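User: I would like to go through a protein model with you. Could you show it to me, please?

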Amino acid sequence: MPELLDRLRRPQLPRHILPYSLQGRLILLMAIGVLLTQLAGNVIWAAQRRAEARDEARTAAQHLAHSASSAVRFFLSLPPNYRPLIIQQFREMGGTRFLVNINRAPIPVRALAGQELTDAVLAQLRATLKEDLPNTPDLRIAFAWPEQLAVDDDGTMLADLPETWTQHIMLARPAPVLLIQVELDPGHWLYLATLMPNPYFLESGNPLTHDRLLLQALSLAAVLLVTVLVVRWITRPLAALSEAATAFGKGENPPALPETGSREFVTTARAFQDMRERIQRYMEDRERLFVSISHDLRTPIMRLKLRTELLDDDELRNEFHDDLDELDMMVKGALQTVKDSDIHENATEVRLDALLGRMVRDAQLAGHEVTFAPSGLTVTAKPLALKRAIGNLLNNGLHYGERVELAVREKDHNIEIVVRDHGPGVPEEALASLAQPYVRLEHGRNQNGSGMGLGLSIARGIVQAHGGELLLGNAPGGGFQATIVLPGGVFSPG
């Protein structure tokens, strides 16, 4: 009980999630392993790359802040009326690292939304500028896109300026512009606009770019393709072994397995071949044994019957006859148990309506009440063997029930042949041993004194030889029900 409770508590994957084949499961596990490996690698690499990008951006911001501090100190050293002249000279020279302007008030900026890298750069810039310019009364720093950036009090946009003024800022692919505005004195704000040393530094903060994701997807596809090929190469010998075992179990004679491949498969193939040869020898020995038994036992029984005829005592002669008849029936029953489940014939397509219809008509002519509804279904099977199995079930139903119902249906890609009688049924505790040889219940001995208890055992052997299953149980509403379940597809039993 504790072990059962442990199994119930232990989480289990639903069976329908996992593929049924070994090849499918190996491919799924390999794919999950590769995905988890790539995910873990990307997470570690992305964390390291973000840290490196943050350190690089802070270092660049520190150098840029020192340059901006030098520019601010330079303009602070100039008289206010000289500042526009210097700015004009810068512009005529083709511009400097900074786009410079003097405004009466700070220009409103539509700043970039807060990002990890921009916040780190702005914090480093502010700290360095405060350190370099401790007496600066007011300082404003922000990042903005160039097409949304104004440069003066009149609302002139950066994109409206001459190209020679903005050639160091306006790139073919837009990059965020760093804007530093410092109050030099009341009514004079120094406007400095520039790019980071790496204009596209924000992209380094997102390592999982489209190009990298595409590369990861291509590498995953290549790994999965190799995995599929390797798994198929590994499992192909196992599939051949499974097919050989299935064919041999059906009585066919499959070709010998090739002794190529891994050492484990070669060892398994040799063991299977040895097992098949031993079983084949056993089957041949069994055939010879039962032929010998049939001859060796029936001959003395017949001699004893002839000798009993010479007895003068009629009562004694009759007792000898009864004992010999019982012995003869026991020998025939033992032989029938083996031989009837091994009828040598080829499998063919059997029309169940025709087969069952003839059996029903024979039973009805004998005075029994049997009902059957045609189904139009066919099954690939050994006709005589299948007829023997159904006949045994039908005879049981006629012996022990008032009437019998036959039905054929298709369920879950299988063919089911149901034989139900309207008799007393079977005790539940007896169902497990009902199909064993020589097992007879009390009411069975009363109803059919000549039976040997072999009918269900023979039927089960025939059904199993067809790759099917015989289900025994009490029918809903009373009576006993036997169901033959056969594969519905093309099937060739041995």
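User: Where is Glu319 found?
Analyst: Glu319 lies in helix H9, residues 314–339; helices (H or I, at least four residues) and strands (E, at least two) are DSSP runs numbered from the N terminus. Please note that this is a predicted model, in which local features need pLDDT of at least 70, side-chain atom pairs count only at pLDDT 80 or more, and totals for chains, interfaces and linings use all residues. Residues are numbered from 1 along each chain as its sequence is written, and side-chain values use heavy atoms, leaving out hydrogens and water.

User: Is Glu319 buried or partly exposed?
Analyst: Glu319 counts as partly exposed because its relative accessibility is 41%. Buried means under 20% relative accessible area, exposed means over 50%, and partly exposed is in between (1.4 Å probe, protein chains only).

User: On to H11. Which residues are buried there?
Analyst: Among them are Ala385, Leu386, Ala389 and Ile390.

User: And what span should H11 have?
Analyst: The 18 residues of helix H11 (residues 383–400) should span 26 Å, and the end C-alpha atoms are 26 Å apart, which agrees. The expected span is 1.5 Å times one less than the number of residues.

User: New topic: where is Asp412?
Analyst: Asp412 sits in the loop between strand E8 (404–411) and strand E9 (414–421). Its phi is near 55°, a positive value in a residue other than glycine. Asp412 is exposed, with a relative accessible area of 62%.

User: What about the phi of His413?
Analyst: His413 has a positive phi of about 65°, although it is not a glycine. His413 is also in the loop between E8 and E9. Most residues other than glycine have a negative phi.
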